[in-house]
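Here is a walk through a model, one piece at a time. Have the structure open and follow along.

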Amino acid sequence: MMPRWCAYTLLVCLLAWFRGNAFECIAVTELLKNPAGNEDTIPGGKSHEFIEITNIGDVALTIDSLWLFDGGEIDSIVPWRDTLPQLRSCVLGTRTVGPGQTALVLDRDYALAPRASWFVIDPGTIILTTGDADIGNTLAEDDGVLMYKGTKSRIDRVVSFVADPGQQPSLGVTKILHMSGRKIAEGYSVIPRQVLFANVEWLQCPDSLSPGHYEYVKNGWLAEYRLGTADVSRQMLPCSLACLKIGGCAGVSATWSVASAKSTVSAPRALDCGAGPMRTTVDLPLDSTLYALRITDGGSAPAWDIDISTEWAPLSAIRITEVFPRATADEPEWFEVANVSSMSINLKGWRFGTGEDSLVFSDADLLVRPAEFRVIARDRALFLRRYPLPAGLVTAPSSWVALDNYDDTLRLWNGRGNLQESVCWHNEWFVSWKAGSLERVSTDRSGLDKNAWAVAVNPSPGMPNGSVTWRSATRASVEIGPVPFSPNGDGSDDYLAVTLSLPALATASIAIYGFDGRKIRDLPGPAQQTCRWDGRSDDGRPALPGPFFVVVRIQDDRGVHTIRKKGVLWR
Amino acid sequence: MALSLVRYLVLIAALASAAVAGLNDPFPMGYGMGNQGTIVWQNGIAGRQPWTPAAWYRDSLHVGCAAACALYYDAMDNFQDASISQIAVGAFCAAGIITVKAAFEHFNAFDLYSEQTGRLSIGAAALRFMTMSIDAELLRASIGPQAAMELYAGETVMIPLRYVGIALSCRRMHIARVSGGGFDLPAVYSAGFHTPENQFGAQGIVLEIIDRTHDVLRLVIGEEYRFTPQFALCAAVSTNPVQLSFGISFNTASMSGSAALVDHPVLGWSKGFGLEWAR
C-alpha cells in the first residue's frame, strides 16, 4: 500500500499537472542526522546537521512560507546570510530553488564550527538555514522531516515528507519517526534509494557525505528501477523503470534502452515526454545479473546499472568458504565468501546471521565477480593488521552478529530475504581445533556437512583455501621428499618435506623413526599440508645417516590406519 | 685420534662388545635375532656367528664359517619393490687360547644407500675365568657417488662363571675417519648376564647404554630352550624400542642354523636367517 506521504506528494504533482501540466516535486535527497563528533561542542555533533533537497520537478520552489517540522519544533526556512569561506562557491541569499537545483538546509551553528571540520559542498548548491539556531529540535537518529507551505500552525501544502510508512504529515504529532531501516554509522548521512517510486528505502551514504548533489542524477536525468519477483519458470525478472528529465523534457528528443553484456533486452525507443516521470516495465532474463539502462539524449548517453543480484542470484552462487569464529586480541571474527557462479553478484543489502539474529553486510555496492572472494570482518582495521590484504577485499558491517566459538550456524540471505547459503560447525567434528580457521574444502558439499570443513592452522582469507588441495581427498596419502635428503646446511635438500593429502575430517600425526626402530622426532600436524623435518631429533641432535621411516598415523571415519614411508638421510 | 685411543683403553677393563654390528643395527646381536643377542654362551647360536666378538666363542671346534641374511621391517608405502637387507659371510679359527674371527657384511637400503663393513675380532682366554677380544670395524657407507669410510673399534670381556657368564663390552668407538664426511656415530656400552643351559633353558639379560641419544638405556631379556640337542626355540623382548622376537635353531655335529622373526610395533616384522658350519 502506498504510504500517505507519497500519496500527498503524488497529489501535489497531480494538482500541479491540472493547474498547468507542470510537474512540481521537491525530494529530500540526503539527511545528516548523526554528524561525527561530540554532540555538545560546536566542532561536531548537531552543528553539522543538514537536509538536502533537490527540485526534480519543472517548477521553481520559493521558500516563502516554507516551514520545516521534525516532530519537535517548527522552523521557518530562510536564506543563509553568513559569508563563510567554505561557502564561497555556493549560492547564498536566494529564496528560490529552481528546477534541477539542489539546496542544503544547513544548521546555523555551522558558521561557528572550526575550519578543519567543514565538509565540502558542491559548487552552485543553494544554502538555506532555519529561523532557529537548530534544525528543528536538533535531528535525532530516528527523526523524520516534514516540509510544508503554510504557517507555523497550519499546513497548506506538503512539499516533502520523510517518515516511516503509516504516518501522516501533521503538526499535532510529537514525533515523526524515520528509522531508515537500520542503524547508520556516526558521521554518515542517509540517502533515498529511489524517489520516483513509492516506499522509498533509505540507505547509508556510501561516501559518508555528499552534500550538494543527488547521486542518481546524471546529465540532468534521473533514472530508477524497481525489481519484481523472479519467475524461475520463465527465467525472467520483471523490472519497472522510471526516468525523469529534471526541469522538464519539452523539446528534448531522447531514447532509452536496456541491455546486458550478453544481450539487448529492450531496443532503443523514444521517451514519451510529458509531465512527471516516464515509466515502463521490462523482463530481464536471468542469464545475467547486471544490466544497464541507457538514455540517449542528443550527444550524451548516461547509463545506470540495474543490478538484479541484490534481489536475485543463482542458487548457491555465493558460498561461505572460510570461517574464523574464535576471535583473539589480534584477530577479530571473520568469514570469507566466494562467488562460485559465472555472474557478478552484488551483496548490497544481503544479510548474514546466525540462528538468533541477522544483519546487513553493506548498504553500499559490494560487487563480487566470478571466482572472487570477500572477507566480512568484525573489525576491519584489526583484520587488516593481521592480514595485509587489499583493503577492498574486506568489509566490516556497521554491526556484527557474534559467532559461537564451538557450535553455530551461519546463514546468508539475499536482498529479497531468500536464504542463499547455510553452514554450521561443531567443535566435536574436529579432533584438534585449538586455533585457526575452518576452511571449506569442497563447495560441492553442503556447508552443513562436516566433511566439507577442515581446520586450517594457517588461515587464507581472501584467497583460495590452502586446505582445498589437500583436505578434499577421499583417501589419505603421504608423499616424502627428497630421498635422499642431506641436512648438512649446504642449502640443497636440507629439509625433508612430508606432504599430506587427507579427507576433510581426518587427523594425522607424523613421527620419524630411525633404522634402529627408535622414534627420532614427532612433527607437528595435522593442519598443514606440508611438514618439514630438519634431520634432527626431538632434543635437537642430528639423526644418524642411513635409512629412516616416516610414519603417519591417520584417524578418520573408518578408524585408525598408518602410512609408512622410507627414506635415506645423508650428511 | 689419541684421545679416542685413551678412551678406548680406559674402557677395556670394564666393557665388552656385545656385537660389532651394522651402522644402525636394530638388533643388539646383529643376526642373533631370535634371542636378540642375549644368549651367547656355550652353544648359544649367537656365539658361533662370525660377526660376534671372538671373546664369546667358547667351543671345542677349531674352524668354521657362516653366512646369514636379514630383511628389515615390512614393505612400506614407497619403494615397495626395494627392501632393506643385509647379507654377511664370516669365518673363525680357534687355536689354543686364541680365536680369530673375520666377517664381511653388505647392507643395502632400497638400492639407494649401502654399507660395506669388514670386521676382525681377535680373542684370547687370557685367564681361566675370563676371555677377552679386541674388535676392529671398517665401515664404508655410500649413496650414489658419495662415500665415507670410518674405522671403529670395540672391546669385549667375558667372565664365564659356573652359573652365569658376565659380558661387558663397548663398541663403535671411533678410531679414525678414513675418507668422506664422517658419521660421528654414538658409542654403545653394554653389560649382560648369561646363564648356561639349565632345566629352564638358557637366559640372558643385556643392558645397553647408547651414547649421545635422548633415551640412552635399552634392556633386552631373552630365553633359549633346547628341546633336543639338535633343536631349540628362543624368544626375547627389548625396550627402546619395544620389540618381540622369536626364533628357532638347529644344530648337528658340524652344522647349525637359525631363523628368526622380530616384531617392531610400528615398522613391522624383520626376518633373519643364518647357517654355520664348523668342525
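**A walk through the model**

Of the 571 residues in chain A, 44% count as buried, where buried is 20 or more other C-beta atoms within 10 Å of the residue's own, exposed is 12 or fewer, and partly exposed is in between, with C-beta atoms placed from the backbone. Keep in mind that this is a predicted model, in which local features need pLDDT of at least 70 and side-chain atom pairs count only at pLDDT 80 or more, while totals for chains, interfaces and linings use all residues. Residues are numbered from 1 along each chain as its sequence is written, and chains are lettered from A and ligands numbered from 1 in the order in which they are written.

Chain A is built with 2 helices and 39 strands; both kinds are DSSP runs numbered from the N terminus, helices being H or I with at least four residues and strands E with at least two. Take the chain A contacts between residues at least 6 apart in sequence: 63% of them join residues at least 24 apart. A contact here puts two C-beta atoms, placed from the backbone, within 7 Å.

Now look inside. A nonpolar core is a set of buried Ala, Val, Leu, Ile, Met, Phe, Trp, Tyr and Cys residues joined through C-beta atoms within 7 Å. The largest one has 118 residues, and A:V105, A:L128 and A:V145 touch the most other members. Beyond its neighbours within four places in sequence, A:V105 has contacts that include A:F50, A:I51, A:L68 and A:I135. Another core, of 56 residues, lies apart from it and counts A:L502, A:W533, B:A88 and B:C170 among its members.

On to chain B, which has 2 helices and 14 strands. Of its 279 residues, 47% count as buried.

Where do the chains meet? In all, 24 residues of chain A are in contact with 27 residues of chain B. On the chain A side, β35 (507–514), β38 (546–556) and β39 (559–569) each supply at least two residues, with the largest share, 5 residues, coming from β39(A). That side has 11 nonpolar, 4 polar and 9 charged residues; Ala, Val, Leu, Ile, Met, Phe, Trp, Tyr, Cys and Pro count as nonpolar, Asp, Glu, Lys and Arg as charged, and the others, Gly among them, as polar.

How far does the predictor back this up? It gives the complex an ipTM of 0.90 and a pTM of 0.58. Chain B has a mean pLDDT of 83, pLDDT being the predictor's confidence in each residue, from 0 to 100. Over residues 1–23 of chain B, pLDDT stays under 50. Where pLDDT is low, the predicted coordinates should not be read in detail.
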